[in-house]
Amino acid sequence: MVDRFEYADVRVDGDDGPIVAGFSARVPREGLTVIVGPSGAGKTTLLRLLNRLDDPDGGAVRYEGRDVREYDVLELRRRVQLVGQVPVTFPGTVADNLGDIDAAALLARVGLHVPLTREADRLSVGEAQRLALARALGRGPEALALDEPTSALDTASKGGIERLVRQLADDGLTVVMVTHEPRHASELADHVIEVAPLRREDP
Amino acid sequence: MTAPVSMTDVAISVGLVVVAMVVSWRRKVGLEQDMLVATVRSFVQLIAVGYVLEFVFGGHGALTIGVLLVMVGTATLTSGSRARRVPHARKIAAVSVTAAAVATLGFLTLLGIVPTAARAVVPIGSMIISAAMNTTSLVMMRLHDDLAANRREVEARLSLGETSHEAAAPWHRAALRHGMLPSVDQTKVVGLVALPGAMTGLILAGASPFEAVRLQLVVMYMLLGGSAFAALVAGELTVRRLFTPAHQLIRSLRRTPS
């Protein structure tokens with residue numbers, strides 16, 4: 001079976017030298033794939049290649065066996081939902097953030113128990129992260145790309161988001177999660193991709 | 001005061017600049033040098049322009065287009081270097097300023113509100129070009145800075161499948177507003193805070209205040225229209241230059257630390 005994603009000899013250049021070079025890896029369709037490594041290893045950059053917020057300067061990223069650049073980018077982004085490290089809420093209520101979709105069902109799926117009429121900017125960071133996930137799920141994606149989804153959260157909310165991410169993968173979504181916590185790789189992941197920094201990070 | 005201003009009068013009024021320079025020096029404001037440069041530059045520039053306009057108005061009306069082109073060119077360079085962080089800022093400025101000038105001047109001359117004589121088209125055109133230049137700079141800079149500052153939200157919108165125009169919409173709107181606001185405010189308080197240039201000129205030249213007011217109204221509405229037009233064109237072109245065709249922020253905006 002063809003992999004969901006494949007990185008083939010990928011290079012991404014930064015302002016002073018490559019951020020990622022010669023990177024190859026596969027993300028299977030099933031389960032939770034964790035990309036783990038220290039900060040500065042280019043993990044976020046790797047994730048952004050999946051929905052084309054960034055493009056590689058060398059090599060290719062494939063989705064379902066085809067170069068991501070061959071897809072209509074808006075269609076690709078609908079199918080591959082990326083949720084950033086710091087949750088972004090849009091102006092308006094929780095319902096406004098979710099749009100015309102079945103908001104109540106989505107909130108239940110991500111375990112967010114707040115009224116639909118709550119102003120989104122009054123949610124806690126943990127709640128906002130769940131809202132961002134609900135919004136992404138509302139687009140009906142095949143894959144979720146999560147950038148350190150627990151790093152902005154306190155310890156209490158971390159466990160909840162980790163269980164939710166695990167659950168989404170068990171429900172059949174391809175989930176790719178970037179993290180700097182080795183524990184995520186050993187305890188949560190079905191597949192692990194390790195990345196190392198190319199050079200010493202500037203202090 | 002309908003008598004022409006003589007060179008002696010100009011020389012005497014320089015006395016006011018000297019006063020300003022002395023104040024600047026005594027209070028350590030540090031603007032003496034700039035004031036000197038500004039005074040000399042304005043003298044040389046305006047005397048030169050005076051000669052050029054005297055020549056153009058004196059039976060060389062065909063040169064009107066050339067004069068307007070020089071003005072558009074200068075406005076383009078000025079606005080382009082103000083917003084140099086926007087790729088192709090100069091091109092954007094050239095198109096926006098030209099579009100605003102052509103549309104507004106075209107409207108006024110075709111309807112016969114402004115005669116096509118050089119004596120009318122040059123000063124009217126210069127006012128439009130200068131307003132369009134300011135608007136274009138404001139729109140370009142604001143849009144760039146807002147998208148850089150709100151990169152996270154812009155990319156969250158893109159990630160949900162919005163197009164670059166949809167993702168930029170809140171800041172696009174804010175930039176148009178920012179660019180047009182000076183013209184709108186100026187139009188609101190006209191006559192209450194300051195008697196504007198065109199009207200002052202006519203009154204000094206001996207025209208009746210009502211005659212001066214009618215011209216000034218046309219000028220104000222024209223500047224509002226020209227500024228709106230420049231803002232629309234500049235906003236549209238700037239959004240296109242700040243995103244790639246694949247609905248990504250351009251690299252310089254993607255890599256801004258946020």
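1. **Before you start.** This is a predicted model, in which local features need pLDDT of at least 70, side-chain atom pairs count only at pLDDT 80 or more, and totals for chains, interfaces and linings use all residues. Residues are numbered from 1 along each chain as its sequence is written, while chains are lettered from A and ligands numbered from 1 in the order in which they are written.

2. **The antiparallel sheet of chain A.** Begin with the open sheet of four strands in chain A, ordered 2-1-4-5 with antiparallel pairing. Strands here are DSSP runs of E with at least two residues, helices are runs of H or I with at least four residues, and both are numbered from the N terminus. Two strands pair if DSSP finds at least two bridges between them. Strand 2 (17-27) and strand 5 (66-67) of chain A each have a single partner strand, so one side of each is left without a neighbour in the sheet. Strand 4 (residues 58-63) of chain A is joined to strand 5 of chain A by two bridges, in the antiparallel sense. You can find one by eye: A:Tyr63 has A:Arg66 of strand 5 as its bridge partner.

3. **The parallel sheet of chain A.** Another open sheet has five strands in the order 6-7-8-3-9, with parallel pairing. Its edges are strand 6 and strand 9 (191-194) of chain A, each pairing on one side only. On average, neighbouring strands of this sheet are turned by 15° against each other, direction ignored. Strand 6 of chain A runs parallel to strand 7 (residues 143-147) of chain A, and four bridges join them. Look for A:Val83, whose bridge partner in strand 7 of chain A is A:Leu146.

4. **Helices across the sheets.** Which strands does helix 1 of chain A lie across? Helix 1 (residues 43-50) of chain A lies across strand 1 (5-14), strand 2 and strand 4 of chain A, at about 60° to strand 2. Helix 1 of chain A also lies across strand 3 (32-36), strand 6, strand 7 and strand 8 (174-179), at about 155° to strand 8. Helix 6 (residues 155-170) of chain A lies across strand 3, strand 7 and strand 8 of chain A, and its angle to strand 8 is about 150°. Angles run from 0 to 180 degrees between N-to-C directions, with axes fitted to C-alpha atoms, for helices over the stretch in contact.

5. **Chain B at a glance.** Chain B has ten helices and zero strands. Its C-alpha atoms fill a box of roughly 70 × 55 × 35 Å along the principal axes. Of its 258 residues, 31% count as buried; a residue is buried with 20 or more other C-beta atoms within 10 Å of its own, exposed with 12 or fewer, and partly exposed in between, the C-beta atoms being placed from the backbone.

6. **A helix pair in chain B.** The axes of helix 6 (residues 151-159) and helix 7 (residues 164-189) of chain B come within 8 Å and cross at roughly 150°. Helix 6 of chain B brings B:Val154, B:Arg157 and B:Leu158 to this contact, and helix 7 of chain B brings B:Glu166, B:Ala167 and B:Ala168. Residues are in contact when their C-beta atoms, placed from the backbone, lie within 7 Å. The buried residues of helix 6 of chain B include B:Val154, B:Arg157 and B:Leu158. The buried residues of this helix pack against helix 2 and strand 6 of chain A, together with helix 5 and helix 7 of chain B. After helix 6 of chain B comes B:Gly161, with a positive phi near 100°.

7. **Where the chains meet.** How many residues does each chain give to the contact? Chain A gives 16 residues and chain B gives 14 residues. On the chain A side, helix 2 (73-79) and strand 6 (80-83) each supply at least two residues. Helix 2 of chain A gives the most, with four residues.

8. **The nonpolar core.** The largest nonpolar core has 108 residues, and A:Val175, A:Val176, B:Val97 and B:Ile128 have the most contacts inside it. Such a core is a set of buried Ala, Val, Leu, Ile, Met, Phe, Trp, Tyr and Cys residues joined through C-beta atoms within 7 Å. Helix 5 (residues 118-149) of chain B gives the most to this core, with 15 residues. Leaving aside neighbours within four places in sequence, B:Val97 is in contact with residues including B:Val72, B:Ile129 and B:Ala230.

Conventions:
Two residues are in contact if their C-beta atoms, placed from the backbone, lie within 7 Å.
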